[in-house]
Amino acid sequence: MTRFPTGLAFVPSVALAVLLATGAAQAQPPEHDEVARLLRADQPAEALRRADELLATRPKDAQLRFLKGVAQSRNGEPDAASETFSALTQDYPELPEPYNNLAVLHAAAGRLEAARTALETALRLSPGYATAYQNLGDVYARLAVKAWQRALELDPANPALRPRLQLLPTESSR
């Protein structure tokens, strides 16, 4: 699992093990393995190139689209990755992983409410999704820090706020 500067966990590219059309599990095709291998080898540009080649003939392949989003993210293209994961949530709303990865990108961009909403959707779809719970906890912590910082601006003499802010790292301490 890749950790991002936000502290949130991005689902690895091989985590999407849901067969979309029927809901049954199936082995990952060799082409998917090739893209996943390139990602594990820290070759996101090559993984993205290969995913795009494969998607030219299979544009509805959700696993390849998911891998493409991971490659875009790792290649420093968060806006493109967000578009890819957003499209997956529209086309395959039953899959929790794109919501999780979209939430990580939202959180990295400071869109904490959007991240929270995406993670809550992922958890409604898959109540046992530990990574989404971990990420939701990180988002809640960041929201708490933000709220406590604002409260301290409004009431600098409040003795309860500074100890609370010391409980969690702030953006400036990362």
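**A look inside**

Tutor: Happy to! Of the 174 residues of the protein chain, 44% count as buried, where buried means under 20% relative accessible area, exposed means over 50%, and partly exposed lies in between, with a 1.4 Å probe and protein chains only. Keep in mind that this is a predicted model, in which local features need pLDDT of at least 70 and side-chain atom pairs count only at pLDDT 80 or more, while totals for chains, interfaces and linings use all residues. Residues are numbered from 1 along each chain as its sequence is written, and side-chain values use heavy atoms, leaving out hydrogens and water.

Let's start with the layout. The protein chain has eight helices and two strands, and along the sequence they follow the pattern β-β-α-α-α-α-α-α-α-α. These elements are DSSP runs numbered from the N terminus: helices are H or I with at least four residues, strands are E with at least two.

Now for the inside itself. A nonpolar core is a set of buried Ala, Val, Leu, Ile, Met, Phe, Trp, Tyr and Cys residues joined through side-chain atoms within 4.5 Å. The largest one here has 22 residues, and V35, L39, A47, L64, L67, F85 and L88 touch the most other members. At least two residues of this core come from each of α1 (30-40), α2 (44-57), α3 (62-74), α4 (78-91) and α5 (96-108). The biggest contributor is α3, with six residues. Apart from this core lies another one, of 14 residues, including L112, A118, L123 and Y129.

From α1, the residues H32, V35, A36, L39 and R40 make the contact, and from α3, Q63, L64, L67, V70, A71 and R74, contact meaning heavy atoms within 4.5 Å.

On to α2, whose axis comes within 8 Å of that of α3, with a crossing of roughly 150 degrees. So α2 and α3 are roughly antiparallel to each other. Here P44, A47, L48, A51, D52, L54 and L55 of α2 meet L64, R65, K68, A71, Q72 and R74 of α3. By class, eight of these residues are nonpolar, one is polar and four are charged; Ala, Val, Leu, Ile, Met, Phe, Trp, Tyr, Cys and Pro count as nonpolar, Asp, Glu, Lys and Arg as charged, and the others, Gly among them, as polar.

Between α1 and α2 there is a loop that holds D42. D42 has a positive phi of about 60 degrees although it is not a glycine. Most residues other than glycine have a negative phi. With 63% relative accessibility, D42 counts as exposed.

Compare H106 in helix α5: at 15% relative accessibility, H106 counts as buried. Beyond its neighbours within four places in sequence, H106 is in contact with R111, A114 and A115.

Note on methods
Axes fitted to C-alpha atoms, helices over the stretch in contact; angles between N-to-C directions. Parallel < 35°, antiparallel > 145°, perpendicular 65-115°, else oblique.
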